[in-house]
Amino acid sequence: MADKIKVDHLTAWFGPVRAIHDIGMNIQQNNITAIIGPSGCGKSTFVRCLNRMHEVIPNARADGEVLLDGEDIYAPEVDPVQVRRRIGMVFQKPTPFPTMSVEDNVAAGLRLNGINVGRAEKDQVVERCLKQAALWEEVKDRLRAPGGSLSGGQQQRLCVARALAVEPEVLLMDEPCSALDPISTARIEELLIELKADYTIVIVTHNMQQAARTADMTAFFYAGELIEFGETRQIFTNPSRRETEDYITGRFG
Amino acid sequence: MANETLALRRHYRYRKAKNLVMMSLTIFATVITLTPLFLVLGYLIFKGAASINLAFFTRLPAPVGEVGGGMANAIVGTFELVLLAGLMGVPIGVGAGIYAAEHRGTRLADAIRFAADVMMGVPSIVVGIFAYAVVVRPMAGFSAIAGAVALATIMIPLVTRTTEEMMLLVPHELREASLALGVPQWRTTLSVVARTAMGGIATGVILATARIAGETAPLLFTAFGNHYWSTSLKGPVASLPVQIYTYAISPFADWQRQAWAGALVLTAIVLALELGVRAVTGGQTRAPR
């Protein structure tokens, strides 16, 4: 399969502290790539570098190459805002905009980007994205209710729908299930597998079963380094590195 | 075993007694705090209510020696001064507050916060002198504009600080969620963060308005006061606080009675503003989430 994103010699800092060091990996199109590893190993920093969200934090910077369809998103003439429209992100905690209704949350990316859509078109986008996020049936009767009135799992799927509305090519998910119960988690996982037909997905997770269930490829990070990257089945059944084996068998981390 | 139970019971009784004493002390402190409020309100109504009539709200002050007249020009003047001050102070204060919150840690943001804190401690009479120096002297006369500048100077640090606090209460995750949608920084700040903090910012603005509505000292040598209707922003204008001050220190019994009525009306205006805040925000004066 084609490589959607190519990462080469990517290093990221928070002030003087180096969070990830010299990462190189290719992320394939229409695949789910899982990033696993113990807390503080640089998983989140890595995915945040992929859509230039890392630099939003004061004093944070990144160095190296990230090619999206062959173009370096860190090239000086590239506008980070445009990168983020092509590479969407869902965070650990559900973050619906509290002042907006369910439907306005879904359409927020369009409206806030100054894309004017008519009523009919907006309804269409809202319905399509909520269906894609497997939330439509649950909220179709309360689209005008505040986004914060939904349950935690529904809020997270609302955030997925909101990310899909701007029609990104890649979806980054930073521990999207860590605040959810097992039922909501299962829904999100089903959703990921449905979405990979249209999107390229990168998911950070603490839950190794989740990586094993959903991901095609898995990367193991440890202490800011990429230790091992390969097909999920191989990583979980026959890892080539000792550290990977120790981690997935629960000997540390 | 029995001894232990007894000791536990005795200890529990001791804790209950201690709780009772502490609770009584805090209730006592609360009563002491609230007493002046009700004494002031009660005394104002007692002394002022009798002098409040239609003429008070519709007539100009009567010439010295004549009984009657009202404070219509001062009531209108107070609203005029507060409105003008708000037009100057709110945009500047809200703007500075947004900057201080969204660019936290930068030198300019620290400077804004420090300057606002210092300005809040400046005595209001000094603010009056400032407005006298920068507006009254150059314009060669007392004016509504000078009064409004003085009031705005008091208002700006209050609005700046509350805006900043309210913006900072908005979770960082919301900013990131918006940026990750490809929304530019300025749009994120205005449409997501400021919008979420709107309730709290509005509360801050209204509380600052209530505060300046009652200021006397900064108006004494800026807006000055006026016994007649004033239609010019460049001319001196009457205001309730100054009118109350002038009437209260006058030797005429009728003016002193009207000063009480003015004080009652002014207090009612300030109280109405603050109750309005509570109604609008549903009793909570903080930003949502």
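1. Helices are DSSP runs of H or I with at least four residues, numbered from the N terminus.

2. Please keep in mind that this is a predicted model, in which local features need pLDDT of at least 70 and side-chain atom pairs count only at pLDDT 80 or more, while totals for chains, interfaces and linings use all residues. Residues are numbered from 1 along each chain as its sequence is written, and chains are lettered from A in the order in which they are written.

3. Just after α3(A), Gly114(A) has a positive phi of about 75 degrees.

4. The two chains deserve a look together. Their contact takes 23 residues from chain A and 19 from chain B, where contact means C-beta atoms, placed from the backbone, within 7 Å. On the chain B side, α7 (172-180) and α8 (185-196) each supply at least two residues, and α7(B) gives the largest share, 7 residues. This side divides into 9 nonpolar, 5 polar and 5 charged residues; Ala, Val, Leu, Ile, Met, Phe, Trp, Tyr, Cys and Pro count as nonpolar, Asp, Glu, Lys and Arg as charged, and the others, Gly among them, as polar.

5. The largest nonpolar core has 143 residues, and Ala161(A), Leu151(B) and Met155(B) touch the most other members. Such a core is a set of buried Ala, Val, Leu, Ile, Met, Phe, Trp, Tyr and Cys residues joined through C-beta atoms within 7 Å. Not counting residues up to four places away in sequence, Ala161(A) touches Val106(A), Cys129(A), Leu130(A), Gln132(A), Ala133(A) and Leu135(A).

6. In chain B, α5 (124-139) and α6 (144-169) pack at about 145 degrees with axes 9 Å apart; axes are lines fitted to C-alpha atoms over the stretch in contact, and angles run from 0 to 180 degrees between N-to-C directions. Their contact has 11 nonpolar, 3 polar and no charged residues. Phe130(B) and Met139(B) are among the α5(B) residues involved, and Ile145(B) and Val149(B) among those of α6(B).

Conventions:
Two residues are in contact if their C-beta atoms, placed from the backbone, lie within 7 Å. A residue is buried if 20 or more other C-beta atoms lie within 10 Å of its own, exposed if 12 or fewer, and partly exposed in between; C-beta atoms are placed from the backbone.
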